[in-house]
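Me: Please walk me through the packing in this model. Take the core and then the helix pairing.

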Amino acid sequence: MRSNLKIFGAEVLYLLASTIVAGLAALLQTVGRSYEGDYSSFIWSGSEYRYNPFFYMLGLALFVGFMIAGYIFFLKKRMLYLNQKVITPKIVFLGVAVIFSLLMIATIVFGLFLMTGLTDNMRPNWMLNMTGFGWPVFCLVFMIIAEVLVVRKKL
């Protein structure tokens, strides 16, 4: 029981730090954005901005680099206790990963809301979607793969 709590505590700390880094990296991606113009519709109006490719890639590298380095140096050894016959810790481990992936979406959206406001847009849309939804999906898939590798003893 105590080893399970250590696993979950380490996972929570790792995913909390990953969520904070994801929020900061998303904010870093908006540095150097360029103003493209205004738009107006029946209800909304606002400004359109374009990502600076250098800062976008820097934010992406920061997030992915932290996920990999944090796993290697912090979580990898602590996850070895998941290799038990009991299935409950594996399910809880997955549940914690899902919760923090949803928290990561909220953190990124809130940070981008603070930077751009309610009605401003960042272009191109695929970059915004990659950050807002791709990163949390990457985090969840990364944690699932790490858990599967530990359970199958291939780590």
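Me: Which residues touch the most other members of the largest nonpolar core?

Reply: A nonpolar core is a set of buried Ala, Val, Leu, Ile, Met, Phe, Trp, Tyr and Cys residues joined through side-chain atoms within 4.5 Å. Buried means under 20% relative accessible area with a 1.4 Å probe, protein chains only. Here the largest core has 27 residues, and Tyr14, Leu15, Met79, Trp135 and Met143 touch the most other members. Helices H1 (2–29), H2 (53–75), H3 and H4 each supply at least two of its residues. H1 gives the largest share, 8 residues. The model is predicted: local features need pLDDT of at least 70, side-chain atom pairs need 80 or more, and totals for chains, interfaces and linings use all residues. Numbering starts from 1 along each chain as its sequence is written, and side-chain values use heavy atoms, without hydrogens or water.

Me: What is Leu15 in contact with, leaving aside neighbours within four places in sequence?

Reply: Contact means heavy atoms within 4.5 Å. Leu15 meets Val96, Ala97, Phe100, Cys139 and Met143. A second, separate core of 5 residues includes Tyr49, Tyr56, Met122 and Met127.

Me: How do the axes of H3 and H4 cross?

Reply: Axes are lines fitted to C-alpha atoms over the stretch in contact, with angles from 0 to 180 degrees between N-to-C directions. H3 (residues 88–116) and H4 (residues 125–151) come within 9 Å and cross at roughly 165 degrees. Angles over 145 degrees count as roughly antiparallel, so H3 and H4 are roughly antiparallel to each other. Their contact has 17 nonpolar, 3 polar and 2 charged residues. Among those meeting are Phe93 and Leu94 in H3, and Trp135 and Met143 in H4.

How values were computed: Helix = DSSP H or I, 4+ residues; strand = E, 2+ residues; numbered from the N terminus. Parallel < 35°, antiparallel > 145°, perpendicular 65-115°, else oblique. Nonpolar A, V, L, I, M, F, W, Y, C, P; charged D, E, K, R; others polar. Buried < 20%, exposed > 50% of the residue type's maximum accessible area, 1.4 Å probe, protein only.
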